[in-house]
Amino acid sequence: EFAPTLHVLVTLSVLEFMLGLLMGWLVNLVFSGVSMGMELISTQIGMAAAKQFNPSMSTSQSALGSLAILLAIGTFLGMDLHLQMIQILGNSFHQIPPGEVGDIVRGMSFWVEYSSVIVNYSMQIGAPIMGFVFLNNFFLAMLSRLAPSMNVFFSVGFLVSMIGGMILFALMLPMLFDYIIRICEDAIREIFVLLDVIGRR
């Protein structure tokens with residue numbers, strides 16, 4: 001008869017808690033990557049100063065960052081991926097029975113390696129705006145050399161970057177929606193890899 005001591009119960013409870021935490025953190029990387037990408041965009045178009053507290057991410061974000069997080073959460077719920085998460089959680093009790101959690105350190109190493117997607121996601125989301133702002137600044141720099149008295153960086157550059165960036169962001173929204181769907185589905189698939197890594201003996 002299995003009669004674990006308090007020490008064994010606490011250890012097994014901590015391992016199960018860490019397993020669930022890693023599964024949740026894996027999906028949270030998607031939202032962190034989207035948030036970081038929108039912060040890059042906000043910084044480039046001059047909206048980084050207008051920040052507000054976002055309780056869902058426990059951090060201060062720009063208006064565009066908050067919009068992107070709401071879009072990502074809405075997409076996640078609209079695709080019923082939260083139901084898939086619950087189903088995966090239930091199936092994990094069959095794949096890794098309670099009390100038989102394998103190498104949790106290996107799972108943490110996998111999560112750390114996978115966390116690099118935050119940078120990948122943020123750069124892919126922010127690249128079009130960053131490219132636009134670079135070309136805009138390059139053009140204004142050439143113009144300021146031709147007409148130094150115009151002071152185009154302060155009189156024109158800021159407005160062009162903000163207005164042009166917002167227009168480009170509006171054009172990006174349909175593609176951003178599809179991109180969020182794809183990276184959310186990728187994160188769900190990576191949970192199976194995580195469970196396989198942790199359950200491997």
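Trainee: What accessible area do Phe158, Leu159, Ile163, Ile167 and Leu171 have together as a nonpolar patch on the surface?

Mentor: This is a predicted model, in which local features need pLDDT of at least 70, side-chain atom pairs count only at pLDDT 80 or more, and totals for chains, interfaces and linings use all residues. Residues are numbered from 1 along each chain as its sequence is written, and side-chain values use heavy atoms, leaving out hydrogens and water. Patch members have over 30% relative accessible area and no salt bridge, with nonpolar side chains (Val, Leu, Ile, Met, Phe, Trp, Tyr) joined within 5 Å and like charges within 9 Å; a salt bridge sets a side-chain nitrogen of Lys or Arg within 4 Å of a carboxyl oxygen of Asp or Glu. By the Shrake-Rupley method with a 1.4 Å probe and only the protein chains shown as cover, the five residues together have about 520 Å².

Trainee: Is Leu171 buried or exposed?

Mentor: Leu171 belongs to helix H6, residues 152-199; helices (H or I, at least four residues) are DSSP runs numbered from the N terminus. Buried means under 20% relative accessible area, exposed over 50%, and partly exposed in between. With a relative accessible area of 58%, Leu171 is exposed.

Trainee: Which residues does Ser35 contact, leaving aside neighbours within four places in sequence?

Mentor: Ser35 sits in helix H1, residues 6-44, and is buried at 8% relative accessible area. Contact means heavy atoms within 4.5 Å. By that criterion, the partners of Ser35 are Gln61 and Ile69.

Trainee: How many aromatic pairs does a search of the whole structure find?

Mentor: Rings of Phe, Tyr and Trp (its six-membered ring) pair if their centres lie within 6.5 Å; planes under 30 degrees apart count as stacked, over 60 as edge-to-face and the rest as tilted. On this basis, the number of aromatic pairs is four.

Trainee: Which class does the pair Phe31 and Phe76 fall into?

Mentor: The ring centres of Phe31 and Phe76 are 5.8 Å apart. Their planes stand at 70 degrees, so the pair is edge-to-face.

Technical notes. Helix = DSSP H or I, 4+ residues; strand = E, 2+ residues; numbered from the N terminus. Buried < 20%, exposed > 50% of the residue type's maximum accessible area, 1.4 Å probe, protein only.
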